[in-house]
Amino acid sequence: MGVREAAPSATVKFFGAGAAACVADLVTFPLDTAKVRLQVQGEIQKVEGTNSRRYRGVFGTISTMVRTEGPMSLYNGLVAGLQRQMSFASVRIGLYDSMKQFYTRGTERIVTRLMAGCTTGAMAVTFAQPTDVVKVRFQAQARLPDGGRRYNGTLDAYKTIARDEGVRGLWKGCMPNITRNAIVNCAELVTYDIIKEVILKYNLMTDNLPCHFTAAFGAGFCTTVVASPVDVVKTRFMNSGANHYSSAINCALTMLKNEGPTAFYKGFMPSFLRLGSWNIVMFVTYEQIKRGVTQYWESPF
């Protein structure tokens with residue numbers, strides 16, 4: 001019988017989740033930017049008073065952005081994105097197991113996993129909402145006709161939003177974001193948890209990279225299907241100026257009235273490509289970090 005691997009500590013999980021999420025963001029950020037541009041396209045058409053579509057499909061969007069704004073436009077908001085992941089993923093992913101144990105109290109059920117996912121998702125939004133707002137604003141902004149930008153940098157964005165919209169502007173869309181991340185966290189972490197558990201239970205694979213890859217891919221697909229409508233509303237609401245929408249619900253109703261129900265699945269393909277690839281990179285990296293760091297600290301010197 002092989003030696004049982006030591007379980008990673010809560011600290012390793014906390015910082016490992018943030019680091020793994022940053023790696024995943026670096027790899028998939030252009031897809032996330034394309035998703036945001038597609039999600040806000042209907043809103044831009046209305047403002048410009050035109051029916052022409054600037055972006056068509058995920059790769060068409062990327063191509064258009066590279067041609068008209070340069071390749072670096074695909075990484076607009078990356079700094080805020082990495083800030084977001086270090087504060088956001090560390091809480092929602094890194095504390096998931098600890099919160100699950102808190103709710104479990106000896107008996108692990110699907111309900112306790114869902115409760116843990118909702119709790120860490122809501123906690124993460126509380127800490128990371130300003131970074132999410134700035135990230136979305138940067139990803140959504142196209143170069144203005146005079147060559148200018150809505151914001152000159154990450155710090156300028158924080159200052160400008162706080163000055164023009166008040167400190168509450170940095171927490172704009174907090175409620176739809178809490179809703180979205182409760183859904184995403186449950187779909188993502190619980191699905192990954194269950195798929196991995198089933199694979200190991202029936203000895204379909206061992207606890208290694210192919211197992212993590214398969215579970216992460218399944219988690220990414222389920223998350224995209226469930227979370228896309230809330231994600232689109234969140235993006236539109238967070239990107240809007242002051243007094244554009246009275247609430248997230250008003251934003252959703254306006255979308256439904258002006259663009260129809262399909263508007264809630266705008267950017268679905270880039271969302272799936274991004275979430276699927278993000279989950280794969282993040283979970284595979286996270287598992288390797290947990291295993292590597294734990295083995296390092298457990299090994300004799």
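**Reading the helices**

Mentor: K35 and D32 are 3 residues apart in helix α1, so about one helical turn separates them. Helices are DSSP runs (H or I, at least four residues), numbered from the N terminus. This is a predicted model: local features need pLDDT of at least 70, side-chain atom pairs count only at pLDDT 80 or more, and totals for chains, interfaces and linings use all residues. Residues are numbered from 1 along each chain as its sequence is written, and side-chain values use heavy atoms, with hydrogens and water left out.

Trainee: What does K35 form with D32?

Mentor: Side chains of opposite charge can pair when their charged atoms come close. Here K35 forms a salt bridge with D32, and the closest N and O atoms are 3.1 Å apart. The term needs a side-chain nitrogen of Lys or Arg within 4 Å of a carboxyl oxygen of Asp or Glu. The structure holds 20 salt bridges.

Trainee: At what angle do the axes of α1 and α6 cross?

Mentor: Two packed helices are described by the angle between their axes and the distance between the axes. Helix α1 (residues 10–39) and α6 have axes that come within 8 Å and cross at roughly 75°. That makes α1 roughly perpendicular to α6 (65 to 115 degrees). Axes are lines fitted to C-alpha atoms, for helices over the stretch in contact; angles run from 0 to 180 degrees between N-to-C directions.

Trainee: Which residues of α1 and α6 make the contact?

Mentor: From α1, F29, D32, T33, V36 and R37; from α6, K135, V136, Q139 and A140. Contact means heavy atoms within 4.5 Å.

Trainee: How do the axes of α6 and α7 cross?

Mentor: Helix α6 (residues 110–140) and helix α7 (residues 154–165) have axes that come within 10 Å and cross at roughly 105°. So α6 is roughly perpendicular to α7. The contact includes P130 and F138 of α6, and Y158 and I161 of α7.

How values were computed: Helices (H or I, at least four residues) and strands (E, at least two) are DSSP runs, numbered from the N terminus. Angles under 35 degrees count as roughly parallel, over 145 as roughly antiparallel, 65 to 115 as roughly perpendicular and the rest as oblique.
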